[in-house]
Amino acid sequence: MHHRTFLHSVAALSAAGLFLTACAPGGTTAATTGDQVAASDELSTEEVTLTLMSTPESGAATEATIAAFEAEHPNINIAYSQTNYEDYNQSVNLNLSSDESPDVVLLNAVGNTVKNDLVIPLDDYADLYGWNDFFPSNQLNQWRVAENGSTLGDGGTLFAAPAGFSLVGVYYNKKHAEELGIDTPETVEDFESALAEAKAGGVLPVQLGNGEGHAAFIVQLAGQSASGADAASAWAFGHEGQSFDTPENAAAAQLLVDWADAGYIPDATTVNGTDLQGAVENFVSGEGLFLVDGIWDAGKVAEGLGEDAGFIAFPGENTTGIGTSVAYAISSRSDHPNEAAAFLDFLRSAEASEQQFEQGFMPNDPSVAVADAGTLQGDIVDAWAQIAAENGLVAFNNNATATMNDTLKSGTQQLIAGQSTVDDFLDSVQADWAKTHGQ
Amino acid sequence: MFARAPRGTSGSREQKKRDFVPYLYVLPALVAYSLFILVPWAQSIWTSFWHWDGIGAATWAGLENYVAVFSNDDLSIALRNGLGFIIFYSVIPVVLGALLAAVIAARPRRGTGLVRTVLFLPQILPLVAVGVIWRYLYSADGPINQTLSAIGLGGAARAWLGDFVWAYPAVGAVGTWVSTGLCVLLLLSGIQKIDPSLYEAAKLDRCGPVGLFMHVTLPGIRKEVVVALTVTLIAALASFDIVYVTTGGGPGLQTIVPGVLIYRLVFTSNEVGLACALATVLSAIILVFVALIGRLGREQT
């Protein structure tokens, strides 16, 4: 075919395509809601089937809870389904806006889901069931969203109910600590001297894999243990006028650089070329005195290190932890929001809490979290209690904006490899934040 | 050439009908192509003029997305990386492919078929699988480092994909590994079409193996080289799978490519309009390169 004719044909066909699609992409109307039902704790007596979507990691305990709920409500049947984490996040909003929307969904981030009214506000149910009295405020704040759709925390509308909690703290190898004569550190100074002693004793002080950006945990924990949980939460929740460029965060980023320079973490290339799971494997094989990681890996660490596995909250001026809840929301298209809310309420029952604890999460009902002192699980329960007592739980900085995870990943990789300065790092993080939350 | 039969008023309708018939044969393919390629393509261009989060109502953006694309710092890095991949995805494989094809074609030996199959194998693997395999090969205690240690080069061992200097060539080498087999096969088919008498004549003129390659083989496979360059160049500029699986664009932004940025814009930050604008710019760049290569191929005639 002659080239000019070919180009003309392409142009003509494209024009035709434009005419065919000459309307705004996407929906033009707001999400259609299911049957309009007033919030109530009086449940239907007819046969009701609820569909629930989750991920394997977060959903295992939830799935195990269903039988107990169905036993209590014989007319309600819950159909459980799951997809892996990444696919789930990509498809959850499409599922919620489809005609086949599930009734109850795992909510990993409020972002686009809440902005498009795909899930219903839960405040009426929180009042009916007394969730606000049951949960410490900072355990629900993460799911409270202000009018603007991006600021989280106190005063916002509640969109999800927790099923259980995860926590990021510091694992340590008790055998190494004993051999080196190191006591469990409680202050920043203790921690620093423990690192120095480990280095001198020929043990890698901190195991770290930053292939996916998990050094950001260290920066966040060091920063918020100095600034306190409230200031850190205000930034993570996107409160107006906040900045990441604080003296505490600058010191925290500098800490990471110092650790790299002092050889407290593996060399930059190894750190950046190892993912979190690789670091966990190295840690349980004995490489490293400390590992900063979430309790989602507690099973693996306990299995690998046995009695030598220990866990503490990040040592610092303030006792804080990074935490988030596995939380569920109700679709705007659900025909049975009352029954769905009853299931959300059931998630704080003793039965549900036991399942969560067994799967490695901190349960909604803390009274079921009982573990033998001296075991890894016992250490985690202690740390969780200390952090809860100081109201020190802060949401993940990685979730401060939709793109923050990528920004923190490339930022910490550059920082550790000496490719950027602490100031560059703070600036890039704050620039990302400002794009979503304003200057 | 014969002149076309003069169109009488009586023959005109018959003639028109005959002109129309070939299009009927093309029609099924054209419908499928329009439905699955052209319409989505046009739709993606159309979407690039809107602010759209992929779910809710869209608002008209005009050229704002394009302004955002060109003022994005990450994009210039991504484009530079994509252009650099042309060396790994296109240039090295075509050069290597031409040499290998010439060697294979020079004297058919037993096992040639096997060699061809092995070389082509990377083409039939999904790129995601290729990425997973190479991520393992490159890992800190992976086979490549084990081999280096075994032969006394332990000092050079490193977590290749985490290294600010080596991650880029390491990812590029995966592209070379994938593309070379395709180039060998394409160029081999070209060599086999060359008239053997040309080689005879060149040999009579005392051409050595290098001379034969430069004066007979290379000119004879020019068209195949253009095809190989076009296909691999598109793969380089539109690369996504291998980068996403091996490094995700890291460390830092060392291996970021436009494909990964587009993916992030759609699935991470839900800026579908912006992603479409970037995709449109990327396809325009690719079209320019493809046109340039096509021209090069013609002008050397």
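Me: How do the axes of helix 12 and helix 19 of chain A lie to each other?

Reply: An axis is a line fitted to C-alpha atoms, for helices over the stretch in contact, and angles run from 0 to 180 degrees between N-to-C directions. Here the axes of helix 12 (residues 247-262) and helix 19 (residues 404-416) of chain A come within 9 Å and cross at roughly 45 degrees. That makes helix 12 of chain A oblique to helix 19 of chain A. Under 35 degrees is roughly parallel, over 145 roughly antiparallel, 65 to 115 roughly perpendicular, and the rest oblique. This is a predicted model: local features need pLDDT of at least 70, side-chain atom pairs pLDDT 80 or more, while totals for chains, interfaces and linings use all residues. Residues are numbered from 1 along each chain, chains are lettered from A, and side-chain values use heavy atoms without hydrogens and water.

Me: Which residues make the contact?

Reply: Contact means heavy atoms within 4.5 Å. Helix 12 of chain A brings A253(A), L256(A), V257(A) and A260(A); helix 19 of chain A brings T412(A), L415(A) and I416(A).

Me: Is N75(A) buried or exposed?

Reply: Buried means under 20% relative accessible area, exposed over 50%, partly exposed in between (1.4 Å probe, protein chains only). N75(A) has 13% relative accessibility, so N75(A) counts as buried. N75(A) sits in the loop between helix 2 (56-72) and strand 2 (76-82) of chain A. A polar atom of its side chain lies 2.7 Å from the backbone oxygen of S44(A).

Technical notes:
Helices (H or I, at least four residues) and strands (E, at least two) are DSSP runs, numbered from the N terminus. A polar contact is a pair of N or O atoms within 3.5 Å; within protein, one must be able to donate a hydrogen and the other to accept it, and residues adjacent in sequence count only if both atoms are side-chain atoms.
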